[in-house]
Amino acid sequence: MEFASDNSSGVPPQVLDAIATANAGYAPSYGTDPIMDEARARIRDLFEAPKAAVYLVATGSAANALSLACLCPPWSAIYCHREAHIAVDECGAPEFYTGGAKLRLIDGPHGKLTPEALEQAIAATPQGDVHSVQRGALSLTNVTEAGTLYTPAELAALTAVARARGIPSHLDGARFANAIAALGCTPADMSWKAGIDVLSFGGTKNGLLGVEAVILFDPEKAWEFELRRKRGGHLFSKHRYLSAQMLAYLTDDLWRVLAGQANAAATRLAAGLQAHADARLIHPMQANMIFATLPRATHQRAMAAGAHYYLAPGSPPLEGDDNIDLPARLVCSWSTTDADVDQFLALLDG
């Protein structure tokens, strides 16, 4: 009963087989391997973006930070949600890789920004004042850190606000596949057609061993990204092992299949929680993450029986008054089974 994170899952056999196949013989290094050529072509086709520049890195933090560094100078502001991954989970990596850009944190319901709140935040950043940071970039997340989704129309409304002020937009797509599987739209609809300039197309949280694609829809930023990736220590010598993962991910729509499996497991889990008198969902369940409150005694019973998941940050401790409700995050992965879900739900009744 593993619900801590979707990056706790194993790796699908198709991906391991692809790595083993890539391991045979010799291949050019640093991303010049033929597997990368094919993966790049597949991504361009998938996103309907024949001129996009495509690069691979091993972590989501690297993908986000290097992307943002290409969009804004050190003296600028990055507008994002207060709970965005770049704000709370990346140890200052965006600030470090940009050379000092300041995160402007914006509140919004259920992990989402509104155009009105974004407009206010941008307007509150003085321009032409040497004492103030300047307007830099917008960073959005889909699926959000609250497990909710932006539709393509909602993304477009936000990027339009940014574009009107000359601000480019980045999308943290660590769970981009889950968002696509849930909404049924195309990758192009949720990226460049919605005004996104740079996308972090995640793989690690959807079954890959460790690889993320950075897609720059403006190829003029390509050389800068290459230099930043190398300077930042994220250019892999034996790059073919990243390429092999990504190509397997794109073959036969594996990325979409895996995300659909994770979303289906979360839907089953959310339905069971909603049917239980002691459970309450904190945010709408729209992809593969669930935020819910349960009585402390229920958490204790579930964890003692082997369920692994996290209480929400700032939650009271697990020990204490049994009648107190504690918030928790439960995440389903591509490998979460119906049996895992049903076993957990059975624990709710003791």
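Author: Begin with a term: a polar contact is a pair of N or O atoms within 3.5 Å. Keep in mind also that this is a predicted model.

Reader: Which backbone oxygen lies 3.2 Å from a polar atom of the side chain of T98?

Author: That of E95. T98 itself belongs to helix α5, residues 93-98.

Reader: Is T98 buried or exposed?

Author: The cut-off for buried is under 20% relative accessible area. T98 has 5% relative accessibility, so T98 counts as buried.

Reader: What does T98 touch, not counting residues up to four places away in sequence?

Author: T98 touches L68, A69, C72, P73, P74 and I78. Distance along the chain and distance in space are separate matters: A65 is 33 residues from T98 in sequence, yet their C-alpha atoms are 7.3 Å apart.

Reader: Now a helix. Which residues of α12 are buried?

Author: The general idea comes before the case. An α-helix has 3.6 residues a turn, so residues three or four places apart point the same way. In α12, which runs over residues 296-304, the buried ones are R296, T298, H299 and A302. These residues lie on the same side of α12, because they cover an arc of only 160° around the axis.

Reader: What covers the buried residues of α12?

Author: The cover includes strands β9 (289-295), β10 (310-311) and β11 (325-331), along with helix α13 (338-347). Just after α12 comes G306, with a positive phi of about 110°.

Reader: How is empty space found?

Author: Rolling a probe the size of a water molecule over the atoms shows where empty space is left.

Reader: How many cavities of 30 Å³ or more does a search of the whole structure find?

Author: The search finds 1. The volume of the largest cavity is about 80 Å³. H81, E83, A84, G111 and L113 are among the residues that line the largest cavity. Strand β4 (residues 134-141) gives the most to this lining, with 3 residues. By type, the lining of the largest cavity has 4 nonpolar, 5 polar and 2 charged residues.

Reader: And which residues lie nearest the centre of the largest pocket?

Author: They are D89, E145, F291, P313 and R329, out of 18 lining residues. The largest pocket has a volume of about 580 Å³. Helix α4 (85-88) and strand β10 each supply at least two residues of the pocket lining. That lining divides into 8 nonpolar, 4 polar and 6 charged residues.

Conventions: Residues are numbered from 1 along each chain as its sequence is written. This is a predicted model: local features need pLDDT of at least 70, side-chain atom pairs count only at pLDDT 80 or more; totals for chains, interfaces and linings use all residues. Side-chain values use heavy atoms; hydrogens and water are left out. Buried means under 20% relative accessible area, exposed over 50%, partly exposed in between (1.4 Å probe, protein chains only). Helices (H or I, at least four residues) and strands (E, at least two) are DSSP runs, numbered from the N terminus. The arc is that of the directions from the helix axis to the C-beta atoms. Contact means heavy atoms within 4.5 Å. A polar contact is a pair of N or O atoms within 3.5 Å; within protein, one must be able to donate a hydrogen and the other to accept it, and residues adjacent in sequence count only if both atoms are side-chain atoms. On a 1 Å grid over the protein atoms alone, a cavity is a set of points where a 1.4 Å probe fits but cannot get out, and a pocket is an open set with protein on both sides within 12 Å along at least five of seven lines; lining residues have an atom within 4 Å of a point. Grid points are joined across faces, edges and corners, and a volume is the space filled by probe spheres set on the points. Ala, Val, Leu, Ile, Met, Phe, Trp, Tyr, Cys and Pro count as nonpolar, Asp, Glu, Lys and Arg as charged, and the others, Gly among them, as polar.
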